[in-house]
Amino acid sequence: MFKIHTLSGYDEVGKNMTAVEFGDDIFVFDCGLYLPAVIDLQESTKQPTPALLRGVGALPNDDFLFKQKEKVRAFLITHAHLDHVGAIPYIVQRYPNAEIFATPFTIEVLKTLARDSNTNIKNKINIVQPDSSCIIKGKNRSYTADFVNITHSTLQSALIALHTPEGVVIYANDYKLDNNPVIGAPPNYKKLKELAEEGVRVLIVDALYSGDERKTLSEKIARAMVEEVLLTVDHKDHAIVVSTFSSHIARLKSIVDFSLKLGRKPVLIGRSLAKYNEAAKSAGISPFGKEVQILNFPNQVKSHLKQIDKNRKDYVLICTGHQAEPGSILDRMVSGKLPFTLKPHDSVIFSSKVIPTPINQSNRANMDKKLKLQDVRIFDNVHVSGHGGREDLRDMINLLKPEHVIPSHGGLDKTIPAIDLAKKMGYKFEKTAHLCQDQRFVMIK
Ligand SMILES: [Zn+2]
């Protein structure tokens, strides 16, 4: 008998954290931030403290874990997105017995997060290569966890399979089943089949788009969309500005590749883009060399933009600000706060989708208004999601054949459609298909 604790990320999209309690040992999957709360806080204060972050609901509620902190053995992190790894620097010190396990890119990103928050992480950090395993010491026994290569929208994402004496627990947040990713390998179907043969007791699974009747398209399609907008549209001698997710290195690669094909120099601008690119370099998996210029620091950005402004047709500017975040490069460019302003017929390409929170929606609406006033061409939604749809979920359940399914990564609006699908596939509500909210647990007998 063991328990799965759905601690956080089951009432909203963000601050993911799930724990497996097996006797005297607890293992934590992911430890993320709730980003809208962080953004609100950053607008009012420069250096958020753990107490401030906790106060605004940006951190997962770990009271349950803290009460038995000596039992917590490991934080197993699936990937480098902030809603999965971002809370580690603020939380992990509370668990001195726990070690951190993640793939190289995720660890490099974690190091930058720790530096940014002035945190010295004392817990042991273990690098787990994609498609390999690690051993975690429990009180009386050791456990194995496999970091199985899975496709998503950042590098080295893993589906984690924890082997316990009572069977395998699989944590699959976040994923899509992409057979043609632009960087990295397709999902390791062979390993997934092996796990299914071994017998999967529980699957905790990304249900974000389980209500969307689709299979999420491959990143190869997003690459074709980027190619279409950059190469088949006549941009003449006007400026081209592209914005996308800073951690989406595969998308950045497509933007860089087609910028070069267009005969323009790609320039990455903004702290967050520089940070993720640096992490990819440190992990030895950056696809970029000298052909890409990276502007990080404010003075560097300003002086180079002045030069770029004189030869606008020679560059593609790739910058932060796809959610129109105040203070981002694109926001400052649009508001005339940088020595490079947009002119009529320039192109702004959003290789992204507006994350549907009220603050993002209103920020983007304001930005679009300004862009239209300046008669700038807007290419929106040049993007394919990193999260699977309903048919990916069906395929994942069919592949792994788990005994129990626990949908995660969102509130009831996201998880109920996944429960409905599981029921159609033969699972029994509350017996083998578990609808969870934050701070609940499921007993697996
Ligand atoms: Zn993610």
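1. Two strands count as paired if DSSP finds at least two bridges between them. Strands (E, at least two residues) and helices (H or I, at least four) are DSSP runs numbered from the N terminus. This is a predicted model, in which local features need pLDDT of at least 70 and side-chain atom pairs count only at pLDDT 80 or more, while totals for chains, interfaces and linings use all residues. Residue numbers start from 1 along each chain as its sequence is written.

2. Strand β9 (residues 158-164) and strand β10 (residues 167-172) run antiparallel and are joined by five bridges. Within this pair, H163 lies opposite V168 of β10.

3. Both strands belong to an open sheet of six, ordered β7-β8-β9-β10-β11-β18, with mixed pairing. β7 (132-137) and β18 (404-408) are the edge strands; each has a single partner, so one side of each lacks a neighbour in the sheet. From one strand to the next, the twist averages 20° (angles run from 0 to 180 degrees between N-to-C directions, and axes are lines fitted to C-alpha atoms, for helices over the stretch in contact).

4. Helix α8 (residues 219-232) and helix α9 (residues 249-261) have axes that come within 9 Å and cross at roughly 30°. The two helices are therefore roughly parallel (angles under 35 degrees). Their crossing is right-handed, the near helix being turned clockwise from the far one by less than a right angle.

5. The α8 side of the contact (C-beta atoms, placed from the backbone, within 7 Å) includes E219, R223 and L230, and the α9 side includes R251, I255 and F258.

Note on methods. Parallel < 35°, antiparallel > 145°, perpendicular 65-115°, else oblique. Contact = placed C-beta atoms within 7 Å.
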